[in-house]
Amino acid sequence: ETLTIKTASKTYPLYIGKGIRFQIQSFIQALEREFSSVLIITDSIVEPLYLKEIESSLTDFSNVYSYVVPAGEEAKSFSVFYDILTFALEKELDRKALVIALGGGVVGDLAGFVAATYMRGIAFIQMPTTLLAHDSSVGGKVAINHPLGKNMIGAFYQPEAVVYDIEMLSTLPEEQWRSGFAEVIKHALIWDKPFYDWLQAEIHTLADLRDEKLQFALAKGITVKAEVVAEDEKESGIRSYLNFGHTLAHAIEAGLGYGKMSHGDAVAIGMLFAIRVSEEYYGIDLELQKFRKWFRQFHYPEIPKHLDAASLLQLMKKDKKAQSGTIRMVLMKQIGEVETVKVEDELILSILEKELEEVQQ
Ligand code: NAD
Ligand code: ZN
């Protein structure tokens, strides 16, 4: 299956299917460009699983280099970024080199930023290997972290193609499935009510995400992301809808210390919170209880009890989307429709307190 990702700066194909990693050479040929060499960037967990298969599928290249970074968020650092650039210069990669990002969102963000900056930009292909990367591999945001903030150094830089072999997901640990699935649910909630209804009807455990259903869910999630980005590549407007659930999620991640809870788990908590705030803000019923019940089947964690409402509120104010101390949140008017609004501290505080009381009982 081929999806087309359209953005203001570039249109590119996304191939999704089972076992398609072995066709990487033909996807490169379809770009109808000459590449002098290939640099595969991957991490230490993905390397033993898939690197050889990709290397041996690149039959038309005599110069294939691989660079393996440590697995985990720490790889999105200046020093790793610098080391890859040094490696590329030592191997004398030129402007016609092609970077392949083989891994999850960490490798995609890092390798994409290498491609965006090496000799003012060289071509790159995303080969996502996590469920979460259905989100991160589309849309062209690439970045590394600064000790003072996540994703603070980066670019908007679109790949030439995305090759998403969902067979590679089979080796993902359970918590990675759960984490990535939260973003799939998010995509349904903000944009696509029929997709949300399908998820509720068809997916009851993470094990239900298999074969056709997995591909359908990911292709739908990617389509939502692509449609939002197509309208607003540089995030001046509706791209912020993708932050649904993320205001509280980022506060929890920062409050616990990054890496203590998976991003998707934090987003899951943040989405339940955003729905609850939406119900109060608009005075509407969004069937939160039904949603919670369905959600429980995936075993997302509760809001961490030891965090307190006042400090979470302060952390939410540090969010990139906050403007001069006022919290801006993506709220839901109905399933499939959201908007970004300013929300009063009092409302946020009172709902945070309720959520925390409920888990402390
Ligand atoms: P990740 O890349 O760290 O992958 C999670 C873990 O799974 C890692 O330990 C990795 O080694 C392992 N792994 C990867 N593929 C595997 C496979 N097939 N089998 C077994 N193990 C595998 O994390 P992630 O959740 O994919 O991505 C998170 C990152 O994505 C964050 O840095 C976040 O900032 C970024 N992100 C970027 C965007 C964007 O638009 N650019 C959007 C969302 C998230
Ligand atoms: Zn996210």
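Start by selecting Lys225 together with ligand 1: a polar side-chain atom of Lys225 sits 3.5 Å from an oxygen atom of the ligand. Keep in mind as you look around that this is a predicted model.

Next, select Asp109, where an N or O atom of the side chain is 3.0 Å from a nitrogen atom of the ligand. How much of ligand 1 does the protein cover?

Now show the whole shell. There are 24 residues around ligand 1, and those that come nearest are Asp43, Glu73, Thr129, Thr130 and Thr171. If you colour the shell by residue class, you will find nine nonpolar, eight polar and seven charged residues. Switch to a cartoon view and pick out helix H2 (46–57), helix H4 (105–117) and strand E8 (149–156), each of which supplies at least two residues of this shell.

Your next stop is the zinc ion, ligand 2. Which residues of the protein are its donors? Select Glu183, His246 and His263: the donor atoms are OE of Glu183 and NE2 of each histidine, lying 1.9 to 2.1 Å from the zinc ion. Read along the chain, these donors follow the spacing E-x62-H-x16-H. Glu183 belongs to helix H6 (residues 174–191) and His263 to helix H10 (residues 263–282), so this pair ties together parts that are 80 residues apart in sequence.

Are they buried or exposed? Glu183 is buried, with a relative accessible area of 1%, whereas His263 counts as partly exposed at 23%.

For the last stop, select Leu39, which you will find in strand E3 (residues 37–43). Leu39 is buried, its relative accessible area being 1%. What surrounds this residue? Beyond its neighbours within four places in sequence, Leu39 is in contact with Tyr65, Ser66, Tyr67, Ile84, Phe87, Ala88, Leu93, Leu98, Val99 and Ile100. Show these side chains together to see what lies around Leu39.

Conventions: Residues numbered from 1 in each chain as written. Chains lettered and ligands numbered in written order. Predicted model: local features only at pLDDT ≥ 70, side-chain atom pairs only at ≥ 80, totals over all residues. Heavy atoms only, no water. Helix = DSSP H or I, 4+ residues; strand = E, 2+ residues; numbered from the N terminus. Buried < 20%, exposed > 50% of the residue type's maximum accessible area, 1.4 Å probe, protein only. Contact = heavy atoms within 4.5 Å. Donors = N, O, S within 2.8 Å, 3.2 Å for Na, K, Ca; no water. Near = heavy atom within 4 Å. Polar contact = N/O pair within 3.5 Å; in protein donor to acceptor, adjacent residues only side chain to side chain. Nonpolar A, V, L, I, M, F, W, Y, C, P; charged D, E, K, R; others polar.
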